[in-house]
Amino acid sequence: MNTEMKKTAVFVALIAGLVNLPGQAQKNDRPEVLLEAAKQKANLEGDCKVAITQYKEIATRFASNHAVAATALLRMAECYQQQGDAEWRKVYQEVISKYPDQKAAVEQARARLGGTAPRETAHKIWSGSGAGALVSPDGRYIVNLRQGGDSKFTFVVRDLSSDTDRTVDLGDGKAYDPFLTPDSKRVLYTWWPTRLPDVKDDWFSEIRIVNLDGTGMRTVLRSQYNGYDVRGVTADGKLAAVGLQRDGTWQIGLLSLETRELQILKSLGWRTTWVGNFSPDGRWLVYLAQLNKESTDSAVYVIATDGSAEPSVVVPGGVGYVTPRFTPDGSRVVVPRGGGLWSVRVKDGKRVGDPEILMRNAGRVKGFSRDGTYYYSEVEVSSSEFVVQVDPSTWKPKNAPARISDPFRKGFRAPYWSPDGKRLAYVANMAGDRFVIHDFASGQDRELPTRAPEGSLSLVGWSPDGKSLQVVAPGTGFRLVDTETQQERPLSLMRAQQTVASHDGKAVFYATLDSAPYERGKEPVSDTFRLIRRDLDTGADKELYRAEARPFGVAISLTPSPDGRSLAFAFLRPRENSPRLWILPLSGGEPRELLRSDGLSPAWTQDSRAILFSRSGEIWVQPLDGREPYATGIHGHAPSVSPDGDRIAFIGSTTTESVWMIKNLFPETSARSVRLQPDQSAKR
Amino acid sequence: MRIAILCAAAVVLSAAAHAAGPRLPLGLDLYRPVPNDNRLTPAKIALGRRLFFDRRLSRDGSLSCAGCHDPKRALTDGRVVAQGVGGAMGNRNTPIIVNRAWGDGFFFDGRAATLEQLALQPFLNPAELGMSPESLLSVIQARYKRQFRSTFDAEPSLDLAARALASYLRTIVDGDSPYDRYAAGDLSALSESARRGFALFRGKAGCGQCHATPNLTDEEFHNTGVAWRTGTLIDEGRFAVTHAAADRGAFKTPTLREISRTAPYMHDGSFSTLADVVEYYDSGGQKNPTLDPKLRPLHLTAEEKRDILAFLGALEGRIQK
């Protein structure tokens, strides 16, 4: 074993040892936990000063652990860069000189010293939840569109000069695609009726405008387009460039914000089109369009806004471009592609020279301020287990959901409440699958290791006495895992697609699909889908339901109702994308289809009168009395209702966006620009 | 900052002025495609207009382009098929010729790729104006020498005549219909019935699959089965140009602008009313080996058919010529 391997082995052993140590104190001492905490401090809280101290401590304390120390130093250098502190150079040099065995870290440090990644002038100016922050052209405001728990849309306006937030209520309806006017005082946005429209209905969508202080809200276009996209307003604020989409066809429109007159500048038929912004003199408009309706390639065009000149290709066709825009001085068009930012010089609506790459890692382009400062963002998405208090009569949240899971874990699966409602169990991944039991009284987590192969473990509930977890794993069937002793007790072995225990713990329900060999291109034949109840005392099976499987398919979940009268089962039919949820009366009779949704991890309410399920990333309620389903305003999936009925546990995602700025983008980059090869981005 | 605002204001004013000259009717693209080698000039447009209306450019001096493309009939002739000099019968219905600047692939079979290619064909077609190239050039030389010199700084030629005619055709525009006003946000522009008809047009009836925004044509060719009679193909349509089997019996999607004024309908004028056309599409079209898969029985109710007709009536706008 060479030195590098030994060090790696020691590091892995150290990590593995730490992971297996029970207790919160030891867990918080793990180097990866400390690194993550410092990262959260810098990226989520924006406190680089404290993060630098934390990284410094980690680098010192784990100096012998080269991987950890080098990572800490790299991140410390990034923090210095964000602060504009020249110390960053010394720290990168330290990585190179002290840890030459950490080749990736050294390469990264060299690259940054060479100036090919975040520049000296890159500063983080804001971070927060979401992924669609707008930066005002004067650099003063960050505007975020938010949907609250009551489904109401608001703009949250952060004034960076005073670090204060202001909320602008947008009223009933759904708001999308906000765009700030060049004077940094108004926001244009698309507005839809609350109910999603259907083409057969007489519905309308709008473009609205509102001042950042919430005054002056008005409609500037109301029509039956399926979509609008505003990405440009002239410097005088009078004319907006609008991408219009109707029934799959695309148009570029010029919308007067004064008279509300819409003039179509160019129709592009079925060529998907993204409209960019105006040149600063208002004479030209840049847009991206498919080469033709069958093509995967798109090109960037500049068109005269008075319709007097033929659209000119400024960036030839390629894959992966997104919305282009003029730079504030109008001398260039920039267009993101493959994570990088490309630029081409333009004059009189024509390109001058070849496209060049400005940045290889450009983040999400936010645009430019009037002085040429470039804004971009980085987005991080993580999922967690959440719990929220609800009003059981409406299932609307009473407060903001609370994250209960450790942010360093990944791969969360459905949560289950203990019978007394004091604990929550779920499966998560951190160096392998683990059972995690969260205790609400202490706020602590306990981990139970498992021997099951990663990804194969199914937690399906708690034993009625609350002492064990009910678990299903391939080959081992249904078993109990004692939460204290971790002893496992096999109860029954069956070959099933899905298994779940009855609420009294005396039986299991399971679904089987006896499938005939599938021949490509032919209809599957003679599959048999069965729902079975097995008595755990006697081992006797009772078939509850049988169907030829053609209308069924893969069983996704089984969920018995708390009153013991019904079994909800979800399955995915062949060649269908949306699972179906059926309800089977356990006293006998035929099942009925209740609903279809894109994400079904259903949960019964404690009174067995409704089912909670997820649809488009939101938790919905389907009453069983025939009423229409409705949204709760809780964003997440895999809900579970607490035994007292006033809390919902679920898996939710948090998205964090950090907005950065770079000054003097063009002078720095022009010297090392490279030519854009037609297939270069496609290969990435 | 002040300069930028002034510049932007000047541009907006300039754009307004551009629109105010030959201001296009509502609903049409501000950008009007014009070939680089035949830019629009007032002189060319005026010359083309004179050629368009000049009966002396037909074999017996009885007909001009406007003889079939009659401005009083929305630039069509009301006949089943076109009637040329000496009563000669064509084999296709006279198409409306509005908004052709934005089109491509002209005639029902698309045999002319540009308006310049199209412009002289009716003069030289024996079933239309019936001229020979020599006689046509001779008349033009005799009657238009001065205009060609002032317009093109050149002697008259068929090529230049085609350019002038194409320029004029590019200025025949039609828009500002109730539909256009509705699409631009005037929600009172359509009646309730027409609004329902528009929803059907876009949805259940599927008309918008081919009659797409903004000119209500996709400028493509479709076999709707009209050219088939009891299993026999009467007119090869696009196939005559491409010789592609899939194009047998396919014809250019016509614009629906002014449709209520341009009966009879289809490439052969075989339907005398719009109600007949709606009934035909409701039935799913005449079955044939290359029927466009977009056609299928629609199962429209009587009320839905009335609503579609109400919407089609709202496509009557303002023709500038």
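Predicted model: local features only at pLDDT ≥ 70, side-chain atom pairs only at ≥ 80, totals over all residues.
**View 1. The largest nonpolar core sits in chain B.** This core has 39 residues, and L51(B), F52(B), F123(B), I140(B), F148(B) and I172(B) are the ones touching the most other members. The biggest share, 8 residues, comes from α7(B).

**View 2. A closer look at I140(B) and its contacts.** Skipping neighbours within four places in sequence, I140(B) is in contact with L51(B), L57(B), K145(B), F148(B), P156(B), L158(B) and A161(B).

**View 3. Chain A meets chain B.** Here 39 residues of chain A and 37 residues of chain B make up the contact. About 3,100 Å² gets buried between the two chains, with carbon and sulfur atoms giving 53% of that area. On the chain A side, R246(A), W270(A) and D306(A) lose the most area to chain B, together 16% of what that side buries.

**View 4. Polar links and the chain A face.** Two chains, 2 salt bridges: that's the count between A and B. One of them pairs E220(B) with K293(A), whose closest N and O atoms are 3.5 Å apart. There are also 7 residue pairs in polar contact between the chains. Strands β9 (218–223), β12 (249–256) and β13 (262–269) of chain A each give two or more residues to the side touching chain B, and β13(A) gives the most, with 6 residues. By class, that side of chain A has 15 nonpolar, 11 polar and 13 charged residues.

Definitions and conventions
Residues numbered from 1 in each chain as written. Chains lettered and ligands numbered in written order. Heavy atoms only, no water. Core = buried A, V, L, I, M, F, W, Y, C linked by side-chain atoms within 4.5 Å. Buried < 20%, exposed > 50% of the residue type's maximum accessible area, 1.4 Å probe, protein only. Helix = DSSP H or I, 4+ residues; strand = E, 2+ residues; numbered from the N terminus. Contact = heavy atoms within 4.5 Å. Buried area = accessible area lost by both parts, 1.4 Å probe. Salt bridge = Lys/Arg side-chain N within 4 Å of Asp/Glu carboxyl O. Polar contact = N/O pair within 3.5 Å; in protein donor to acceptor, adjacent residues only side chain to side chain. Nonpolar A, V, L, I, M, F, W, Y, C, P; charged D, E, K, R; others polar.
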